[in-house]
Amino acid sequence: MPVDALAKTTPKSEHATELWFDVGVNLTSGQFSTDYDLQIANAMNAGVTHLCITGTNERESSLAADMAATYPNLYSTAGVHPHDAKDVSGQYLSHLESLYLTNPKVKAIGECGLDFNRNYSPQDVQFQIFAEQLELAARLKAPVFLHQRDAHSTFVDLLKAKRSDLTQVVVHCFTGTQNELDDYLDLDCYIGITGWVCDERRGLDVLALVDRIPDNRLLIETDAPYLLPRNLKPKPKKGRNLPMYLPHIGQQLASQKNVSVSKLAEYTFQNSLRFFNIKAQGNG
Ligand SMILES: [Zn+2]
């Protein structure tokens with residue numbers, strides 16, 4: 001279905017005058033297989049005009065690149081998530097490299113990192129696949145999109161060792177402690193904040209930390225279909241998070257930081273363009 005036709009069918013949201021950039025959305029997830037085009041249109045109509053689709057393994061990174069090529073202002077990353085580290089092919093690094101080099105809308109290497117919470121892949125394998133992707137990003141001078149869960153000390157030690165070789169770095173879906181945040185800021189990382197901060201049971205500690213993030217290092221993301229903001233009203237029936245909910249996360253952050261929603265939208269949008277090396281006016 002053409003995006004323009006769809007966009008006209010959905011009412012404008014109250015924040016449609018601001019422009020938003022969702023830096024992390026998992027549109028290749030099976031949860032979007034039947035309606036990703038509708039959700040892209042709804043996001044655009046809600047002012048979320050720019051999206052970056054997260055690539056989490058070789059297959060989905062290829063799919064994400066194809067999807068990004070089809071729509072204006074859609075971008076993607078190419079990487080292997082720590083959950084998928086044990087399943088890489090022998091050619092995965094050259095596959096990621098060629099996705100990045102041959103598709104102008106593939107803008108970063110990742111998502112990659114360490115996840116010692118789930119341990120779907122053995123920790124030593126996660127470490128090796130993470131280190132190899134950091135080396136690839138360094139060689140390509142590509143931004144990197146990082147994931148860390150319950151692995152901070154191992155993660156930050158490796159990142160420290162590699163940091164001077166890397167360009168832009170984002171630690172996406174940050175849900176850690178003040179010390180962890182300070183470590184990342186010391187390494188001049190961007191910080192990706194999700195709807196986790198809209199969760200009154202477990203997100204308020206992270207919400208309180210956002211004041212420590214310099215305005216020029218804050219990125220926002222839905223991580224859809226995961227992490228539905230808990231305080232959305234009315235509560236969506238399906239429990240599925242959507243990129244059109246990004247302005248809601250922006251509102252929560254703006255009120256915490258005591259800035260206007262439009263100002264927060266403006267600087268997170270500019271940060272996203274700078275992070276991904278996207279020229280302000282281009283649709284390319
Ligand atoms: Zn992640």
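At 1.5 Å a residue, the 12 residues of helix 9 should span 16 Å, and the end C-alpha atoms of helix 9 are 17 Å apart, which agrees; the expected span is 1.5 Å times one less than the number of residues. This is a predicted model, in which local features need pLDDT of at least 70 and side-chain atom pairs count only at pLDDT 80 or more, while totals for chains, interfaces and linings use all residues. Residues are numbered from 1 along each chain as its sequence is written.

**Overall fold**
- The protein chain holds 10 helices and eight strands, where helices (H or I, at least four residues) and strands (E, at least two) are DSSP runs numbered from the N terminus.
- The radius of gyration of the protein chain is 18 Å, close to the 19 Å that the globule rule gives for 284 residues, so the chain is as compact as a globular protein of that length; the radius is taken over C-alpha atoms, and the rule is 2.2 Å times the number of residues to the power 0.38.
- Along its principal axes, the C-alpha trace of the protein chain spans about 50 × 40 × 35 Å.
- Buried residues make up 47% of the 284 residues, a residue being buried if 20 or more other C-beta atoms lie within 10 Å of its own, exposed if 12 or fewer, and partly exposed in between, with C-beta atoms placed from the backbone.
- Among contacts between residues at least 6 apart in sequence, 74% join residues at least 24 apart; two residues are in contact if their C-beta atoms, placed from the backbone, lie within 7 Å.

**Helix 9 and helix 10**
- The buried residues of helix 9 are Leu 246, Pro 247, Ile 249, Gly 250, Gln 252 and Leu 253, and what covers them includes strand 1 (20-25), strand 2, strand 7 (190-193), strand 8 (218-220) and helix 10.
- The axes of helix 9 (residues 246-257) and helix 10 (residues 261-276) come within 9 Å and cross at roughly 110°, where axes are lines fitted to C-alpha atoms, for helices over the stretch in contact, and angles run from 0 to 180 degrees between N-to-C directions.
- That makes helix 9 roughly perpendicular to helix 10; angles of 65 to 115 degrees count as roughly perpendicular, under 35 as roughly parallel, over 145 as roughly antiparallel, and the rest as oblique.
- Gly 250, Gln 251, Leu 253, Ala 254 and Lys 257 in helix 9 meet Val 261, Leu 264 and Ala 265 in helix 10.
- Just after helix 9, Asn 258 takes a positive phi of about 60°.

**Helix 3 and helix 4**
- The axes of helix 3 and helix 4 come within 11 Å and cross at roughly 10°, and these two helices are therefore roughly parallel to each other.
- Their contact is made by Glu 58, Ser 61, Ser 62 and Ala 65 of helix 3 and by Tyr 92, His 95, Leu 96 and Leu 99 of helix 4.
- The buried residues of helix 3 pack against strand 2 (48-53), strand 3 (74-78), helix 4 (92-102) and strand 4 (106-115).
- In helix 4, Tyr 92, Leu 96, Leu 99 and Tyr 100 are buried.
- Seen down the axis of helix 4, these buried residues fall within an arc of 95°, so they line one face of the helix; the arc is that of the directions from the helix axis to the C-beta atoms.
- On the other side of helix 4, Ser 94, Leu 101 and Thr 102 are exposed.

**Lys 160**
- Lys 160 is found in helix 6 (residues 152-162) and counts as exposed, with 12 C-beta neighbours inside 10 Å.
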